[in-house]
Amino acid sequence: MKNKLVIITGTNKGLGMHLLIELLAINHLKILCLSRKKIELYEHPSIIYYPIDFAEPNDFSFLENLITDYSEVLFINNAGTIEPIALVGSLLQEDVKSAISVNLTSPILIINEILRISSNKKVTIVNITSGAASRIIVGWSVYSIGKLGLKSFLSHLSAQCEENVNVLNIDPGTVDTGMQEAIQRASVSKFPDVQKFRDFKKKNMLREPKVVAREIIGSLKF
């Protein structure tokens, strides 16, 4: 049986892409990238690419054929969306459904499928979370509830798990990614604290994604 399969989401840009680059520097890993958009990096021989849009309902049973041959599985839940940034009362139904699917429903279903398949394997779940999971940020209600909900789900998982399953929540802080660009574009009417985040950029207070990725992968045991 082969050693370790890494399953990672949202690797086509930002922090996810840099996490993937760090993983590729580790020998003897097979990496399954679940992403909506294909990039040149996915041509690497260590990578299996599976196109998927987490904003839509998905059947993750395809994971069974990919996981079966490995003795150990690491899932890194990185994909996420900050949209919609809006006050409650002006949220659009489709935006809410899409965001909850990306930030909460899809990760739950992936984790559930991994554990269903991997009863006799070592499994590590790494959730890239956010400070928004633990505090109120006006305009971020949908993003916040998605992050909070997933942390709660993983707490329930930890309570039921045996020794072969390990769950980690990692908050990378404020990272210079496309998500930050979306935040800074938001209007004050939709996000009253937007100027604070614009100042983070102006004052070079955003963390570099490659540095954050190196820290995260370096903290994991391979």
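Helices here are DSSP runs of H or I of at least four residues, numbered from the N terminus. The structure is a predicted model, in which local features need pLDDT of at least 70, side-chain atom pairs count only at pLDDT 80 or more, and totals for chains, interfaces and linings use all residues. Residues are numbered from 1 along each chain as its sequence is written, and side-chain values use heavy atoms, with hydrogens and water left out.

Helix 4 covers residues 141-160 and contains Gly146. Gly146 has a relative accessible area of 0% and is therefore buried (under 20% relative accessible area, with a 1.4 Å probe and protein chains only). Apart from neighbours within four places in sequence, Gly146 is in contact with Asn103 and Leu104, where contact means heavy atoms within 4.5 Å. Asp95 is 51 residues from Gly146 along the chain, and their C-alpha atoms are separated by 13 Å.

Ser144 is also found in helix 4. Ser144 counts as buried because its relative accessibility is 14%. A polar atom of the Ser144 side chain lies 2.5 Å from the backbone oxygen of Ala132. Not counting residues up to four places away in sequence, Ser144 touches Ala132, Ala133 and Arg135.

**Helix packing**

Two packed helices are described by the angle between their axes and the distance between the axes. Axes are lines fitted to C-alpha atoms over the stretch in contact, and angles run from 0 to 180 degrees between N-to-C directions.

| Helix pair | Angle | Axis distance |
|---|---|---|
| Helix 3 (residues 93-117) and helix 4 | about 15 degrees | 8 Å |
| Helix 1 (residues 14-24) and helix 7 (residues 209-218) | about 50 degrees | 8 Å |

The angle of about 15 degrees makes helix 3 roughly parallel to helix 4 (roughly parallel is under 35 degrees). Helix 3 passes helix 4 in a right-handed crossing, meaning that the near helix is turned clockwise from the far one by less than a right angle. Residues making this contact include Asn103 and Leu104 of helix 3 and Gly146 of helix 4. The contact of helix 3 with helix 4 has 15 nonpolar, 3 polar and no charged residues. In this scheme Ala, Val, Leu, Ile, Met, Phe, Trp, Tyr, Cys and Pro are nonpolar, Asp, Glu, Lys and Arg are charged, and the others, Gly among them, are polar.

Helix 1 passes helix 7 in a right-handed crossing. Among the residues in contact are Leu15 and Leu19 of helix 1 and Val212 and Ile216 of helix 7. By class, the contact of helix 1 with helix 7 divides into 8 nonpolar, 2 polar and 3 charged residues.

Terms used: Helices (H or I, at least four residues) and strands (E, at least two) are DSSP runs, numbered from the N terminus. Buried means under 20% relative accessible area, exposed over 50%, partly exposed in between (1.4 Å probe, protein chains only). A polar contact is a pair of N or O atoms within 3.5 Å; within protein, one must be able to donate a hydrogen and the other to accept it, and residues adjacent in sequence count only if both atoms are side-chain atoms. Angles under 35 degrees count as roughly parallel, over 145 as roughly antiparallel, 65 to 115 as roughly perpendicular and the rest as oblique.
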